[in-house]
Structure formats: C-alpha cells, structure tokens
Amino acid sequence: MSRLESLARAFLRYLYEDDRFRPEVAGFFDSPAAEAAALQPSWAELAEVVRTLREQELIATSGTGQQGAPARAGLTGSGLICAGRHGGDIGSWARAQSVAVLDEPPAPVVPAQPSPAPAPRPDFTGLTRVAKVVLLTLPTVHARYGDTAGIELIARRLREAARQDRPDPRRVRLLAYRLRSELATGSVSNTLGVVLLDGLDEALAESGLG
C-alpha cells in the first residue's frame with residue numbers, strides 16, 4: 001500500500017469516527033486516525049488525497065481551507081460503506097462494488113409485439129440504485145443514529161417494487177416519497193439523510209415521478 005493510499009484510508013476513518021456531519025479537514029492532523037496510521041502528512045499530500053476521494057465520490061466537501069484543500073469534508077453513502085465495512089480500504093470497497101454489480105439480475109427482455117406496440121417499461125433504475133445504497137449503508141450507522149429498521153423496510157419494498165417486470169408507478173411513487181419523508185424527518189435526517197436525499201431526488205426526477 002502506497003503512502004497516499006494509507007493516508008486516504010486514515011482520512012476516511014477520521015471522517016467515519018467523527019460525530020459531526022462535515023468535520024474540518026485540518027482536524028485530521030491531530031486525530032487518533034492519523035496517529036494510528038503513524039503518518040505525518042503535509043498539507044499538499046492531504047489536499048491531493050481529498051481531491052482523489054472527492055473524484056471517487058467517497059466524500060463531499062465545502063468551503064476553502066489551506067493549501068488548496070477544502071475547509072470541511074464528509075462521507076457520502078459510498079464513503080460510509082467504504083469506511084464502515086472495509087475500514088477505509090478503497091481497493092477492498094471497489095472489488096465489493098464490482099461483485100455487487102455482477103450480482104444484479106439482467107434487465108428483462110421485452111419480446112416484440114404486433115401493433116399496437118406495448119407501453120414502454122418505466123425506467124426506475126435510479127430508484128433501485130438509491131434503495132440499494134440505503135440498504136447497504138444503514139446497517140453500518142445503526143448504532144450511531146438509532147433504530148433504522150423502519151427506513152430499511154421501506155427501502156427494501158421500494159427496491160422490490162421498482163424491479164418488478166411490470167412495476168406499478170403509483171406504488172413505486174408512494175414508497176419513494178415515504179422513504180424521502182423518513183430520510184428528511186427520521187433519525188438520520190440531519191446526517192446521512194442529507195446525503196441520501198440528494199440521490200433520491202435525482203432518481204425521482206429521472207424516473208418522471210418527481
């Protein structure tokens with residue numbers, strides 16, 4: 001593992017272990033995660049690691065700090081999975097993502113039909129993806145944010161409804177908005193919910209149900 005890879009792993013652990021939504025990037029230097037990794041990074045190295053993690057969509061940033069680095073950073077849904085389930089090991093997380101993609105069932109093949117042509121199947125791919133991220137992410141934060149069983153149940157039902165051969169748009173829309181309400185007002189509303197809501201709103205718009 002290279003020095004920058006070790007630094008990235010330690011930085012992800014720092015964000016995961018901090019209770020704040022987006023802690024200061026500078027706080028990493030004095031954090032237990034940095035001490036445990038036995039690293040003494042420069043600002044230039046940390047700025048490079050933050051840029052790379054942001055490009056990989058593992059973190060989101062805000063503000064402008066020192067040496068071109070953002071002032072604050074926080075984990076995305078993918079970042080929570082990487083840090084919580086893989087200890088910040090980006091290689092292990094990436095391999096798991098590849099396996100998850102291979103495990104997805106192929107899209108159903110719609111046979112050709114004589115006229116009148118059948119109505120096109122609604123595209124709920126984005127909603128299926130968001131529901132999957134919710135189900136992968138919430139178990140890693142259960143102890144930090146309280147009971148998430150209700151949110152997980154809605155996400156599971158949404159994923160099942162959206163992946164039907166002939167999904168019912170009204171049911172999919174109802175479940176999507178129930179999930180949105182839980183993320184906006186439930187136990188994770190001020191933390192993880194903020195991240196997941198962005199993806200859910202985008203998926204709703206793409207599906208035409210927004």
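Trainee: Which residues touch the most other members of the largest nonpolar core?

Mentor: They are F11, I59 and L127, in a core of 55 residues. A nonpolar core here is a set of buried Ala, Val, Leu, Ile, Met, Phe, Trp, Tyr and Cys residues joined through side-chain atoms within 4.5 Å. Helix α1 gives the most to this core, with eight residues.

Trainee: What should I keep in mind about the model itself?

Mentor: This is a predicted model, where local features need pLDDT of at least 70 and side-chain atom pairs count only at pLDDT 80 or more, while totals for chains, interfaces and linings use all residues. Residues are numbered from 1 along each chain as its sequence is written, and side-chain values use heavy atoms, leaving out hydrogens and water.

Trainee: How many helices and strands does the chain have?

Mentor: There are nine helices and two strands, in the order α-α-α-β-β-α-α-α-α-α-α. Both are DSSP runs numbered from the N terminus: helices are H or I, at least four residues, and strands are E, at least two.

Trainee: How do you know whether the length of α1 agrees with its residue count?

Mentor: The expected span of a helix is 1.5 Å times one less than its number of residues. The 15 residues of α1 should therefore span 21 Å, and its end C-alpha atoms are 21 Å apart, which agrees.

Trainee: Why is the pair of F11 and F28 called edge-to-face?

Mentor: Rings of Phe, Tyr and Trp (its six-membered ring) pair if their centres lie within 6.5 Å; planes under 30 degrees apart count as stacked, over 60 as edge-to-face and the rest as tilted. The ring centres of F11 and F28 are 5.5 Å apart with planes at 75°, so the pair is edge-to-face. F11 sits in helix α1 (residues 3–17) and F28 in the loop between α1 and α2 (32–36), 17 residues apart.

Trainee: And what makes F28 and F29 a pair, and of which kind?

Mentor: Their ring centres are 6.4 Å apart and the planes are at 55°, so this pair is tilted. Ring pairs link F11, Y14, F28, F29 and W43 into a cluster.

Trainee: Are F28 and F29 buried, exposed or partly exposed, and what shows it?

Mentor: Buried means under 20% relative accessible area, exposed over 50%, and partly exposed in between (1.4 Å probe, protein chains only). F28 has 0%, so F28 is buried; F29 has 27%, so F29 is partly exposed. Over the chain, buried residues make up 38% of the 210 residues.

Trainee: What does L127 touch?

Mentor: Not counting residues up to four places away in sequence, L127 touches L158, V172, A176, L200, A203, L204, S207 and L209.

Technical notes. Contact means heavy atoms within 4.5 Å.
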